[in-house]
Each structure stands twice: as structure tokens, then as C-alpha cells.
Amino acid sequence: MDVEGVAREDLADALLMRQVAHLEDALQCARALSCAQKRMVRSRVIIDLKGLAIWATLRNLGVVKRIMAVGKAYYPEVTASVTIVNAPFGFETLWRAISLFMNDMMRAKISLVGGSYESALRDHAKVSDVTALPKCLGGTAADPPTPQPVPAGAGKELEGD
């Protein structure tokens, strides 16, 4: 994700709305499955940080904290776990700073690992069928689109809508 571009173009609100839409989808899916299975079903999220620029993230930490705050405040029980893979060098220090704003239960839900993430996927994300994952994570499913840099003027283009 182009954190600097999001901040430069003042797109945090648009990114926040995207995050809320994903969380709402997860909530509705979990609710439907919980009713069908007559037990509580929650989602497990895997985030791949490959290519994330650590210094850009540090310079724009407010954007990241704002996006994370929505899940914490409004959707705490939707997610069973968040497994963050391919964390760049130095991201662990950033994680320690961010995690200070979380309670113990939230911190236990999150696992942050570098490039050797197979055991985290198995043990923390509870992935039993690796083939269901995208190829970039060792599975056979199609990879998601590669994130593109936020173009200059993108924020102004959205204002016109």
C-alpha cells in the first residue's frame, strides 16, 4: 500500500470506507455462518506487507492508526486473528509502538512475522489447506492485484464524484 500517497492525496477517508466495507462483509458472512452452524464463527485475516515502505509508514503513522482504530472500536469480535506476513525489517519496532494502544486480547489476536511465515499461517491463522491461499503465500489460488502507487491528483478526482 502506498501510505505516503494516501496521506499526500488526503485519501484516508476513502481507505477507511474501504476498510469498513470489508469488515461489514466479514461481519455478515460470520453472522450467516454462525446461524447455519449454531456456533460463533469469526474471520481470520492474513495481511501481506511485502513491499511496504517502513519509513513512509512511520511518517504517516496517523493514517495507519486511524484505519486500525475502526476494527478495534466497531468490529472487535469479527476477527479471530490477524496474521501479518512479510513484515519488512524494522517493522517489529513499529509494531511494538502501535501495540501499546491495544489491550492484551487485541495483541494476542495479532501475529507479526517476516518471510518465514509458514508456521504462523498454520498455528495462528489456523490455515489447514494452504492450497486455498494465493500463490504469493504458497497456495494455488490466483494472486490479488499488485497495489499501485497513488497517482498525483487522485484525491481531487474523488472530490468531483
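Me: Let's start with Glu-9. Where is it found?

Reply: Heads-up: this is a predicted model, where local features need pLDDT of at least 70, side-chain atom pairs count only at pLDDT 80 or more, and totals for chains, interfaces and linings use all residues. Residues are numbered from 1 along each chain as its sequence is written, and side-chain values use heavy atoms, with hydrogens and water left out. Helices (H or I, at least four residues) and strands (E, at least two) are DSSP runs, numbered from the N terminus. With those labels, Glu-9 is in the loop between helix H1 (3–8) and helix H2 (12–37).

Me: Is Glu-9 buried or exposed?

Reply: The cut-offs are under 20% relative accessible area for buried, over 50% for exposed, and partly exposed in between (1.4 Å probe, protein chains only). Glu-9 has a relative accessible area of 13%. That puts Glu-9 in the class called buried.

Me: Which residues is Glu-9 in contact with, leaving aside neighbours within four places in sequence?

Reply: Contact here means heavy atoms within 4.5 Å. With the sequence neighbours set aside, the partners of Glu-9 are Val-150, Pro-151, Ala-152, Gly-153, Ala-154 and Gly-155.

Me: And which side chain does that of Glu-9 join in a polar contact?

Reply: A polar contact is a pair of N or O atoms within 3.5 Å; within protein, one must be able to donate a hydrogen and the other to accept it, and residues adjacent in sequence count only if both atoms are side-chain atoms. The Glu-9 side chain has such a contact, at 2.9 Å. Its partner is the side chain of Arg-8.

Me: Asn-86 next: what does its side chain make a polar contact with?

Reply: Asn-86 is in the loop between strand E2 (79–85) and H5, and is buried at 17% relative accessible area. Apart from residues up to four places away in sequence, Asn-86 touches Asp-48, Leu-49, Lys-50, Val-113, Gly-114, Gly-115 and Tyr-117. The polar contact, at 2.8 Å, is with the side chain of Asp-48.

Me: Why can the buried residues of H5 be said to line one face of the helix?

Reply: In helix H5 (residues 91–99), the buried set is Phe-91, Leu-94, Trp-95, Ile-98 and Ser-99. The arc to look at is that of the directions from the helix axis to the C-beta atoms. Seen down the axis of H5, the buried residues line one face because they fall within an arc of 130 degrees.

Me: What covers the buried residues of H5?

Reply: Strand E3 is part of the cover, and its residue Leu-112 shows some of the pairings. Beyond four places in sequence, Leu-112 is in contact with Ile-84, Ala-87, Phe-91, Glu-92 and Trp-95. The cover includes helix H3 (54–59), helix H4 (61–74), helix H6 (104–109) and strand E3 (110–112).

Me: How many disulfides does a search of the whole structure find?

Reply: A disulfide is a covalent bond between the sulfur atoms of two cysteines, counted here when the sulfurs are within 2.5 Å. Cys-29 is in no disulfide, and the nearest cysteine sulfur, that of Cys-35, is 12 Å away. Cys-29 is partly exposed at 49% relative accessible area, while Cys-35 is exposed at 55%. The number found in the whole structure is zero.

Me: What is phi of Lys-38 near?

Reply: Lys-38 is in the loop between H2 and strand E1 (43–48), and counts as exposed at 74% relative accessibility. Its phi is positive in a residue other than glycine, near 55 degrees.

Me: What about Lys-126: what positive phi does it have?

Reply: Lys-126 lies in the loop between helix H7 (118–123) and helix H8 (154–159). It is exposed, with a relative accessible area of 51%. Lys-126 is not a glycine, yet its phi is about 60 degrees.

Me: Zooming out, what is the radius of gyration of the protein chain?

Reply: The chain has eight helices and three strands, in the order α-α-β-α-α-β-α-α-β-α-α from the N terminus on. The radius is taken over C-alpha atoms, and the globule rule is 2.2 Å times the number of residues to the power 0.38. For 161 residues that rule gives 15 Å, and the chain's value is close to it, so the chain is as compact as a globular protein of that length. The radius of gyration is 17 Å.
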